[in-house]
Amino acid sequence: MDKNSKRREALLYHAKPTPGKIQVVPTKKYATQRDLSLAYSPGVAEPCLEIAKDVDNVYKYTAKGNLVAVITNGTAVLGLGDIGPEASKPVMEGKGLLFKIFADIDVFDIEIDTKNVEEFIQTVKNIAPTFGGINLEDIKAPESFEIERRLVEELNIPVMHDDQHGTAIISAAALINALELADKKAEDVKVVVSGAGSAALACADLYRLLGVKMENIFMFNSKGLLTKDNSSLSELQQKYAKDMASISLEQALAGADVFIGLSSGDIMSAQMLLGMADNPIVFAMANPNPEIDYNLAIQTRKDIIMATGRSDHPNQVNNVLGFPYIFRGALDVRATKINEAMKMAAVKALATLAKESVPEQVNVAYGATKLVFGREYIIPKPFDPRLISIVAPAVARAAMDSGVAQHPITDWHKYEEELMERLGNDNKMLRMITNKAKMDPKRIVFAEAEHLDVLKAAQIVHEEAIAIPILLGNKEIIVELMQELGFDADVEIIDPKDRAEETRRKRFAVAHWESRKRRGISLYDSERLMRERNYFAAMMVNVGEADGLVAGHTRSYPTVVKPMLQLIGKAHRASIVATTNLMMTARGPMFLSDTAINIDPTAEELAKIAVMTAKTAKMFGVEPVIAMVSYSNFGSSVDPRATKIRDAVSYLHEHHPDLIVDGEIQSDFALNPEMLKEKFPFSKLAGKKVNTLIFPNLDSANITYKLLKELNKVESIGPIMMGMDKPVHIFQLGASVEEMVNMATIAVLDAQEKGKKKK
């Protein structure tokens, strides 16, 4: 290899990392000495020289363009006040996590030990060459204003103090939509603001850009209305001071159209709310206690349009709707700053998105039948997957239009695809299903609760309010283990062998015998079986004393499946029971079936498994794109093992034409859309991203999912039972605590779904 070739290779090695990769770990090969020579000496010299020639090349050959610093001095941390830089670090690390999971932005959190404005500014300026952007966080006012102003002026990378502008941007989007629903115009409304800190001032500034008039804004701090005769006000607060005698908050709210709360809890009474104008808009954003309790407010005024900072009420004003995507758009066009045009673009994008049809997966996540634009839905939900592809491009366009973009985007369709790819391993799915479970927790039996890991899983689902655990096993052992774990909750503990359970055992035995007496089972047999925890647990679910069960941690899968099939059986109209595993892969969630039940399914059974898996995928908000996989491609083999899949596909095409399904097809073609489109353009899968694989037999399905799980450390949820009459889910032998928590969450979702069907 000549010198120029080596140079080109070194430059290619250091080229900008691809979207979707975590930049804080290696994204290129590093296995051999040759790889290391490219990564470091002597290969690394080539990109260094290119950057020395043109400093902008740093974006081409390093991760700077995807790296943001979250910087604080710990002087205004949450509602905790000035607790110092070290104590602020957990908050900064948490902020970094949100940047990563919502927008694939890498973060270094930096805590600076100074309260001196000039020292702070100089420190940030000195380290700025490392970063593509600066997120200022938790810095007290008025110093925060000067720090941000100076850094915006003196640096050529995006800088934003999120405490000020994040809340302003999200609440401004909500205000646009609230005014529309109230049939009011911004220029006509009277706005009362409780709070005069950085967030309140930024909100008022942004509302003025929406059309709210300065003379119609009444701002209060802890001492009362801001007035001109108050010499203690900062220069920025003076801007909103009134040339009048002070009045009370209740007096200001008389006839007011909008209340903005950025102060402290419970300062607004029902009487004050009653004094407001028709269709009052109340954004009570103090956390954890709003300025007026949500339930009190909606009981007091039926015409209210209300938002809070809390996730357990409609219309949460959450900064995570803004900062990840604002920085994403700014970084992607290499903006020199985040200006008012970019902030307003984010405001309008959020306001518009709330009016669009909501994806089913968002409805699933929030336990809603259908979220629709209205008084209880004026801003998007944080788990809406469209945020990154709507807000970030809007911000990027505004940066280009306002002249601060150094790297304009030309192919917007490609850019939006890259944004969606950045989400990578879709852990959002886990957060969404957990959130859905929490909306309506169900009673879930843990059939092996005397085992430490099972009890840990039960403790987690209880403490996180995912489910209401019922613990089965030796009561003495369970209580002893609970004390060891510090699990002191008042949960139901049942020992099926205990004398105290004799009456219940007999009742269960009679019910079991009645259903099995014509299949060789005696009443004595039933009474004996009811001392077995899996049979006892199944009967609890059968008779309605529990909503679902999880079992299998210490016993083989067939041993646990048998009583479930005998006692609970198949759902109405289900002719087969099967399982699927939800795999959280780098390409997003994938469903693999049948991983645990059917050893060698027929063509008809494969078709039914595909239909059941499609329904399961939709339950998780995923639109199924199904490949029926084989060693054969569309008739390349006439072996019966291939033709049965072909027959299953023919059946599905005829009887379920709405399903996107095709095969038989080899797995590499199924998972490579470009290769599939080139070789088999006639396929219904051509150009589509397959997210569901139906395997020809248990061997191939089980081996594949376990290989993925162990070799690639792909998170697996399952096997998820499909076709059962009740919510029953069985762990794989030796499942981890996390896997058991996930399965219990699935059991809750299953119980919720079956509950809906009964209604």
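Entry 1, a charged pair in a helix. I started with Lys-754 and Asp-750, whose side chains form a salt bridge at 2.7 Å, N to O. This is a predicted model, so every value I jot down is computed from it. Why do Lys-754 and Asp-750 sit about one helical turn apart? Both belong to helix H31 (residues 737-758), and they are separated by about one turn because they are 4 residues apart there. I also checked the burial of Asp-750: its relative accessibility is 7%, so it counts as buried, the limit being under 20%.

Next I followed salt bridges that share partners, and they tie Glu-492, Glu-501, Arg-504, Arg-507 and Glu-545 into one network. For the whole structure I noted a total of 41 salt bridges.

Entry 3, another helical pair. I looked up Arg-208 and Asp-205, and their side chains make a salt bridge with 3.9 Å from N to O. They lie 3 residues apart in helix H9 (residues 198-210), which means about one helical turn between them. Buried or exposed, or something in between, for Arg-208? Arg-208 comes out as partly exposed at 33% relative accessibility. Asp-205 is also listed as partly exposed, with 30%.

I then took Arg-443 and Asp-547, where the salt bridge is 3.1 Å, N to O. This one links distant parts of the chain, since the two residues are 104 apart: Arg-443 is in strand S11 (residues 443-446), while Asp-547 is in the loop between helix H24 (533-542) and strand S14 (548-551). I have Arg-443 down as partly exposed at 29% relative accessibility. Asp-547 is partly exposed too, with a relative accessible area of 24%.

Entry 5, the sheet. Strand S11 from the last entry sent me here. In what order do the 5 strands of the open sheet run? I read it as S13-S12-S11-S14-S21, with parallel pairing. At the edges are strand S13 (492-494) and strand S21 (728-730), each of which pairs on one side only. From one strand to the next the twist averages 20 degrees. Looking at one pairing, I counted 4 bridges joining S11 to strand S12 (residues 468-472), and the two run parallel. One residue I followed across was Phe-446, whose bridge partner in S12 is Leu-471. I also looked for a helix on this sheet: helix H25 (residues 557-567) lies across S14 and S21, and runs at about 170 degrees to S21.

I placed Gln-459 in helix H20 (residues 452-463). At 11% relative accessibility Gln-459 counts as buried. Which residues does Gln-459 contact, leaving aside neighbours within four places in sequence? They are Leu-485, Gly-486 and Phe-487.

How many disulfides does a search of the whole structure find? The search gave 0. Cys-203 is buried, with a relative accessible area of 1%, whereas Cys-48 is partly exposed at 46% relative accessibility.

Definitions and conventions: Residues are numbered from 1 along each chain as its sequence is written. This is a predicted model: local features need pLDDT of at least 70, side-chain atom pairs count only at pLDDT 80 or more; totals for chains, interfaces and linings use all residues. Side-chain values use heavy atoms; hydrogens and water are left out. A salt bridge is a side-chain nitrogen of Lys or Arg within 4 Å of a carboxyl oxygen of Asp or Glu. Buried means under 20% relative accessible area, exposed over 50%, partly exposed in between (1.4 Å probe, protein chains only). Contact means heavy atoms within 4.5 Å. Two strands pair if DSSP finds at least two bridges between them. Axes are lines fitted to C-alpha atoms, for helices over the stretch in contact, and angles run from 0 to 180 degrees between N-to-C directions. A disulfide is a pair of cysteine sulfur atoms within 2.5 Å.
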